[in-house]
Amino acid sequence: MTASALPAVDQKAPAFSLPADDGSTISLASLAGKKVVLYFYPKDDTPGCTVEAIAFTAQKAAFDAANTVVLGVSKDSIKAHCKFRDKHNLTVRLLSDETGEMLETYGVWVEKKQYGRTYMGIARTTFLIDEKGTVAKVWPKVKVDGHADEVLAAAKSL
């Protein structure tokens with residue numbers, strides 16, 4: 001199975017509908033009129049993913065003020081998301097894509113190599129989607145430090 005390409009800037013963002021850690025189901029259509037940050041991360045409660053989630057949580061009020069919803073997406077189960085959220089007092093919603101369908105649609109389910117081993121996993125990638133559902137900015141191969149601030153600045157400038 002080959003990964004799809006990342007949706008490009010100025011393209012319509014692919015539709016999705018996934019369960020969230022608060023018991024709701026979130027779809028792109030339900031967020032019309034708001035800017036959306038989709039940050040894809042490999043695994044709950046791992047070092048980089050924890051730092052990233054805490055950074056987005058720390059900026060949640062500023063994202064709210066910029067009419068922007070922040071959503072973290074991984075293959076982890078809702079149960080794992082809830083444990084991760086509660087352990088670190090996260091306030092950004094976490095979506096579960098256990099089938100990997102959305103991960104493939106967004107081109108972030110990729111072949112990775114580590115310690116001589118090849119496997120499929122999530123490439124840490126962030127998308128900023130405007131109020132009309134169009135991809136405004138893409139951050140492939142995210143470096144966690146300072147990332148939430150950079151995404152916030154981009155959301156404010158839209």
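1. Helix H3. In this predicted model, the buried residues of helix H3 (residues 78-88) include His 81, Cys 82, Phe 84 and Arg 85. These four residues lie on the same side of H3, because the arc they cover around the axis is only 165 degrees. An α-helix has 3.6 residues a turn, so residues three or four places apart point the same way. The face turned away from the buried side of H3 carries Lys 79, Lys 83 and Lys 87, which are exposed.

2. Surroundings and end of H3. Which elements do the buried residues of H3 pack against? Their partners are H1, S4 and strand S5 (93-96). Asn 89 follows H3 and has a positive phi, near 50 degrees.

3. Arg 85 forms a salt bridge with Asp 21, with 3.4 Å between the closest N and O atoms. Distant parts of the chain are linked by this pair: Asp 21 belongs to the loop between strand S1 (17-19) and strand S2 (25-27), Arg 85 to helix H3, and the two are 64 residues apart. Both Asp 21 and Arg 85 are buried. Asp 86 joins Asp 21 and Arg 85 in a network of salt bridges.

4. The pair formed by Lys 87. A salt bridge also connects Lys 87 to Asp 45, the closest N and O atoms lying 2.9 Å apart. Here too, distant parts of the chain are linked: Lys 87 is in helix H3, whereas Asp 45 is in the loop between S3 and helix H1 (47-58), 42 residues apart. Are these two residues buried or exposed? Lys 87 counts as exposed because its relative accessibility is 55%, over the 50% cut-off. Asp 45 has a relative accessible area of 36%, between the cut-offs of 20% and 50%, and is therefore partly exposed.

5. Other salt bridges. The count of salt bridges comes to 8. One of them pairs Glu 111 with Lys 113, at 3.4 Å between the closest N and O atoms. Glu 111 counts as exposed, at 54% relative accessibility, and Lys 113 is likewise exposed, at 64%.

6. The largest nonpolar core. In soluble globular proteins, nonpolar side chains tend to be buried together. In this model the largest nonpolar core has 24 residues, and those with the most contacts inside it are Phe 16, Leu 38, Phe 40, Leu 71 and Tyr 106. At least two residues of this core come from each of strand S3 (35-40), strand S4 (68-74), helix H4 (101-105), strand S8 (125-129) and strand S9 (135-139). A second, separate core of 20 residues includes Val 37, Tyr 41, Phe 63 and Leu 128.

7. Tyr 106. Which residues does Tyr 106 touch, not counting residues up to four places away in sequence? The contacts of Tyr 106 are Ala 5, Leu 6, Pro 7, Ala 13, Pro 14, Phe 16, Leu 28, Leu 38, Phe 40, Phe 127 and Ile 129. Among these, Phe 16, Leu 38 and Phe 40 are also listed with Tyr 106 as having the most contacts inside the largest core.

8. Thr 68. Thr 68 lies in strand S4 and counts as buried because its relative accessibility is 2%, under the 20% cut-off. A polar atom of the Thr 68 side chain lies 2.9 Å from the backbone oxygen of Ala 66. Leaving aside neighbours within four places in sequence, Thr 68 is in contact with Lys 35, Val 36, Val 37, Phe 63 and Ala 155. Val 37 and Phe 63 are included in the second core.

Technical notes:
Residues are numbered from 1 along each chain as its sequence is written. This is a predicted model: local features need pLDDT of at least 70, side-chain atom pairs count only at pLDDT 80 or more; totals for chains, interfaces and linings use all residues. Side-chain values use heavy atoms; hydrogens and water are left out. A nonpolar core is a set of buried Ala, Val, Leu, Ile, Met, Phe, Trp, Tyr and Cys residues joined through side-chain atoms within 4.5 Å. Buried means under 20% relative accessible area, exposed over 50%, partly exposed in between (1.4 Å probe, protein chains only). Contact means heavy atoms within 4.5 Å. A salt bridge is a side-chain nitrogen of Lys or Arg within 4 Å of a carboxyl oxygen of Asp or Glu. The arc is that of the directions from the helix axis to the C-beta atoms. A polar contact is a pair of N or O atoms within 3.5 Å; within protein, one must be able to donate a hydrogen and the other to accept it, and residues adjacent in sequence count only if both atoms are side-chain atoms.
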